[in-house]
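Student: I would like to learn how to read a ligand site and a chain interface. Could we go through one case?

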Amino acid sequence: MNGIHFRLNGKDTCYDGSAADRLLDVLRDTYDMKSVKCGCKEGECGACAVLIDGVLVNSCCVAMGAVDAHEIVTVEGYRETARFAALSKAFADLSAVQCGFCIPGMILAAEALLSKNAHPTEEEVRTALSGNICRCTGYNAIVNAVLNAAKEGDGLW
Amino acid sequence: MVNGYKPTTLQEAVEIKSRVSVTPYAGGTDLMVRNIPDAVYLFLNDIDELRQITQDDAYIRIGAAVTFTQALDSDLVPPLMKEAISRIAAPAIRNAGTFGGNLGNASDKADSVLAGFALDGRVRLVSAKGERVIPFDDFCVRRGVTNIADDELIAEILLPKEKCALPYYYKKIGGRSALAISRVAFAGAYEVHNGVIQAISATVIGEGKFTRYREVEATLIGKSVDEVSANADAYAERFIEKMTFTRGRVSAEYRKTVVTNLFKDYFASMK
Ligand SMILES: Cc1cc2nc3c(=O)[nH]c(=O)nc-3n(C[C@H](O)[C@H](O)[C@H](O)COP(=O)(O)OP(=O)(O)OC[C@H]3O[C@@H](n4cnc5c(N)ncnc54)[C@H](O)[C@@H]3O)c2cc1C
Ligand code: FES
Ligand code: FES
C-alpha cells in the first residue's frame with residue numbers, strides 16, 4: 001500500500017509525497033485549504049489548528065505519515081454544518097472577528113470544546129482557547145461568542 | 001510510505017528500529033518544531049499497545065504514546081502527574097504530546113519527567129533483542145542526552161503505586177499562564193507515620209538537569225515532620241548547597257531564589 005490515505009473533510013484522499021512533510025503545508029499547498037493559517041510553525045499560536053478524529057491539533061506540529069488512516073476536518077468541511085452556523089452567527093452578533101486570521105483556529109477549538117462539553121463555563125472556554133492567539137480582539141468577545149453559541153445552539157452539541 | 005514507517009505493533013517497530021536509521025515520532029510536538037531536514041520517521045502514534053494506561057500489583061503503567069489529554073482523563077494516573085501535565089502548553093499540544101516524547105526529547109524542562117522523578121518512576125525500554133527497566137535517574141543523563149540505545153524504543157513509564165498514593169507538592173513557574181515552559185518547577189512526595197518522615201522526594205526544574213539528591217533526602221528520614229516544617233529554611237539549605245544554577249532565559253540568582261522558596265514552602269506545608 002503506497003501513499004498516505006486519509007479522509008479530508010469527508011473525502012477519501014491519498015497523498016503521494018513525503019511522510020515527513022508538514023500537514024499544515026500540505027493542507028494549504030496541495031489541497032488548497034486556505035482556512036488553515038500559518039502563524040508560527042512552532043505550535044504556539046493555534047492558527048493552524050485542525051481536527052484529527054475530532055481532536056484539536058496544531059497542523060504545523062504534524063507530519064503527514066501520522067495522519068495515515070485518520071480523519072481530518074478543516075473549516076472548509078466544518079462550515080457545512082449546523083454547528084458552524086451557530087458559531088458563525090454568535091461570532092458575528094458579538095463582533096468577535098476583526099482581521100480574521102485567528103478565527104478558523106478559534107472556531108475549531110470551540111467545536112473541540114463543545115463536542116466534549118456542551119455547556120462550558122467561562123473558565124472552561126478560556127482554557128479551551130488558551131492555545132489560540134488573537135492579536136486583535138482582546139479575547140473577551142470571542143469567549144462570549146462561544147458561550148452564546150453554546151446557549152443559542154443548545155441541542156446541537 | 002515515502003520517508004516513513006508506520007508499524008502497528010511494538011515488535012514490528014523495534015525490528016524496523018534495529019534495521020534502519022529512523023527517528024521515532026509520537027506526537028510530533030517537539031520534532032516538527034525542530035524540523036529535522038530529510039527526516040525518516042518511525043510513526044508510533046497508531047501502535048495500540050503504546051497507547052494504554054494500565055496497572056499491575058506494583059505499578060501504574062503509562063504507554064509511551066499516551067497523550068497528556070488521555071492521561072488527564074484517566075482515573076489511574078496519580079494527582080501529582082496530572083497536576084504537572086495539566087500545565088503543559090495548551091489543549092492542542094496536550095492532545096498530541098506524549099510521555100515517551102517528553103522523555104525522549106531530553107529537555108531539562110519536561111514537566112512529566114519532573115513528576116516521574118518525584119514518584120520514583122521507571123522507564124521500560126524495548127529492543128528487538130529484549131527489554132530493560134531503568135529508573136528515570138538512569139535514563140536522563142543530562143540535557144540533550146538520554147541513556148537509550150540506538151535500537152531501543154521507550155515502551156512505557158512505570159510509576160510505583162505506593163508513591164502515587166502519597167501526599168505531594170507541585171508548583172510550576174513559567175513566564176505566563178498558558179503556553180509557558182517551566183522556568184522553575186518543583187515536585188515532591190512524602191510519607192509520614194505517627195509524625196515521623198518515612199520517605200521523601202524533592203526534585204526541581206531549574207538546575208539545567210534532572211537530579212534527585214537522594215543522600216540529602218535520606219537525612220530527613222526519621223525526623224519529625226513538625227521539626228522539619230518549623231525549620232524549613234535550614235532544611236532547604238541542605239539541598240540548595242548541593243545545587244548549581246546557571247543562567248538561561250532567567251538569571252541564575254532568580255532560579256536559586258525561587259527554588260529556595262519552593263523548598264521552604266514544601267517543608268512548611270508538610271503535615
Ligand atoms: C508550543 C509548545 C509548548 C510546549 N510546552 C511544554 C511544556 O509546558 N512542558 C513540557 O514538558 N513540554 C512542552 N512542550 C514540548 C512537547 O510538547 C513535549 O515534550 C511532548 O511531551 C513531546 O511529545 P511528542 O509525542 O509530541 O514528541 P515527539 O515530537 O514525537 O518526539 C520528541 C522526541 O522524543 C523521541 N521519542 C518519541 N517517542 C519515543 C519513543 N517511544 N521511544 C524513543 N524515543 C521517542 C523522538 O524521536 C524525539 O526525539 C511544548 C511544545 C510546544 C510546541
Ligand atoms: S502555525 Fe501552528 S501553532 Fe502557529
Ligand atoms: S481577529 Fe485578528 S488575530 Fe484574531
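**Ligand site and interface**

Tutor: A nitrogen atom of ligand 1 lies 2.9 Å from a polar backbone atom of B:Ile154. This is a predicted model, in which local features need pLDDT of at least 70 and side-chain atom pairs count only at pLDDT 80 or more, while totals for chains, interfaces and linings use all residues. Residues are numbered from 1 along each chain as its sequence is written, chains are lettered from A and ligands numbered from 1 in the order in which they are written, and side-chain values use heavy atoms, with hydrogens and water left out.

Student: Which side chain has an N or O atom 2.6 Å from an oxygen atom of ligand 1?

Tutor: That side chain belongs to B:Asp30. For B:Asp111, the distance from a side-chain N or O atom to a nitrogen atom of the ligand is 2.8 Å.

Student: How much of ligand 1 does the protein bury?

Tutor: Accessible areas come from the Shrake-Rupley method with a 1.4 Å probe; for residues, only the protein chains shown count as cover. Ligand 1 taken alone exposes 990 Å², and the protein buries 94% of that.

Student: How many residues surround ligand 1?

Tutor: A residue is near a molecule or strand if one of its heavy atoms lies within 4 Å of it. Here 37 residues surround ligand 1, and B:Asp30 is among the closest, together with B:Pro24, B:Gly27, B:Thr29 and B:Thr98. The surrounding residues come from chains A and B, so the site is shared between chains.

Student: Which element gives the most to the shell around ligand 1?

Tutor: Helices (H or I, at least four residues) and strands (E, at least two) are DSSP runs, numbered from the N terminus. H6(B) gives the most, with four residues. Elements of chain B that each supply at least two residues include strand S2 (23-25) and strand S10 (153-160).

Student: How many residues of chain A are in contact with chain B?

Tutor: Contact means heavy atoms within 4.5 Å. By that rule, 32 residues of chain A are in contact with 29 residues of chain B.

Student: Which side chains meet in a salt bridge at 3.0 Å, N to O?

Tutor: A salt bridge is a side-chain nitrogen of Lys or Arg within 4 Å of a carboxyl oxygen of Asp or Glu. The rule finds two across the interface of chain A and chain B. The side chains of B:Arg176 and A:Glu44 form the 3.0 Å case.

Methods. Polar contact = N/O pair within 3.5 Å; in protein donor to acceptor, adjacent residues only side chain to side chain.
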